[in-house]
Amino acid sequence: MAIEETFAIIKPDAVKAGHTGPIIAAIEENGFRIKNMKKVHLTRAQAEGFYYVHRERGFFGELTEFMSSAPCVVMILEKDNAILAWRDLMGPTNPAQGEPHHLRKRFGQSIGENATHGSDAPDTAAFEKAYFFSCFERI
Ligand code: ADP
Ligand code: MG
């Protein structure tokens, strides 16, 4: 195992519903170190840039409208094998398919409004961290 960083978002649905605190608690209880964190309200264009890889998907409009609808909390998390570990803690994209301990099952509403985001590989983690945090902000 190697110490690794991943990029995470507490999405607008979860922030609006007051789930920021419990999600941050779960992050720390599961051994992640929060290296950077801030609250941001994305513009539509910023959401489209972030989800660029999904631009051809049918849900792109719905997704970018949702992600720019209200503030979210963005974070860089550190842990051994953080990328996989964070995706394991979130659970499947569709909250309905998760188990009771999964964050998306606990706090998500639907496949679109599913409470949290996590990078899926080292290259996407690098892109996503740099999208939100400049090197001057990094701790
Ligand atoms: P994940 O976030 O688990 O990596 P994807 O990368 O496939 O999932 O999709 C990115 C995000 O797009 C999802 O987290 C979800 O918010 C949204 N999404 C994915 N599939 C759908 C869908 N079928 N309908 C609506 N929104 C979706
Ligand atoms: Mg993804």
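**A buried loop residue**

Let's start with Ala115, which is buried at a relative accessible area of 0%. Buried means under 20% relative accessible area, exposed means over 50%, and partly exposed is in between, with a 1.4 Å probe and protein chains only. Before going on, the ground rules. This is a predicted model, where local features need pLDDT of at least 70 and side-chain atom pairs count only at pLDDT 80 or more, while totals for chains, interfaces and linings use all residues. Residues are numbered from 1 along each chain as its sequence is written, chains are lettered from A and ligands numbered from 1 in the order in which they are written, and side-chain values use heavy atoms, with hydrogens and water left out.

Back to Ala115. It sits in the loop between α6 (103-107) and β4. Helices (H or I, at least four residues) and strands (E, at least two) are DSSP runs, numbered from the N terminus. What is phi of Ala115 near? It is near 75°, a positive value in a residue other than glycine. Most residues other than glycine have a negative phi.

Asn81 also has a positive phi, near 50°. Its loop runs between β3 and α5 (82-90). Asn81 is partly exposed, at 32% relative accessibility.

Now the strands. Why is β1 (residues 3-10) largely enclosed by the rest of the structure? Because six of its eight residues are buried. β1 pairs with β3 (residues 72-80), antiparallel, over eight bridges. Two strands pair if DSSP finds at least two bridges between them. Look at Glu5: it stands opposite Glu78 in β3. β1 also runs antiparallel to β4 (residues 116-118), with three bridges. There, Ile9 has His117 as its bridge partner.

Next, Asn36, in strand β2 (residues 33-40). Asn36 is buried, at 7% relative accessible area. Its side chain reaches the backbone nitrogen of Ile139 at 3.4 Å.

Last, the ligand. Residues around ligand 1, meaning those with a heavy atom within 4 Å of it, include Phe59, Glu62, Leu63, Arg87 and Asn114. Lys11 has a side-chain N or O atom 2.9 Å from an oxygen atom of ligand 1. For His54, a polar side-chain atom lies 2.9 Å from a ligand 1 oxygen. For Arg104, a polar side-chain atom also lies 2.9 Å from an oxygen atom of ligand 1. The protein covers 81% of the 530 Å² of accessible area that ligand 1 has on its own, by the Shrake-Rupley method with a 1.4 Å probe.

Definitions and conventions. Polar contact = N/O pair within 3.5 Å; in protein donor to acceptor, adjacent residues only side chain to side chain.
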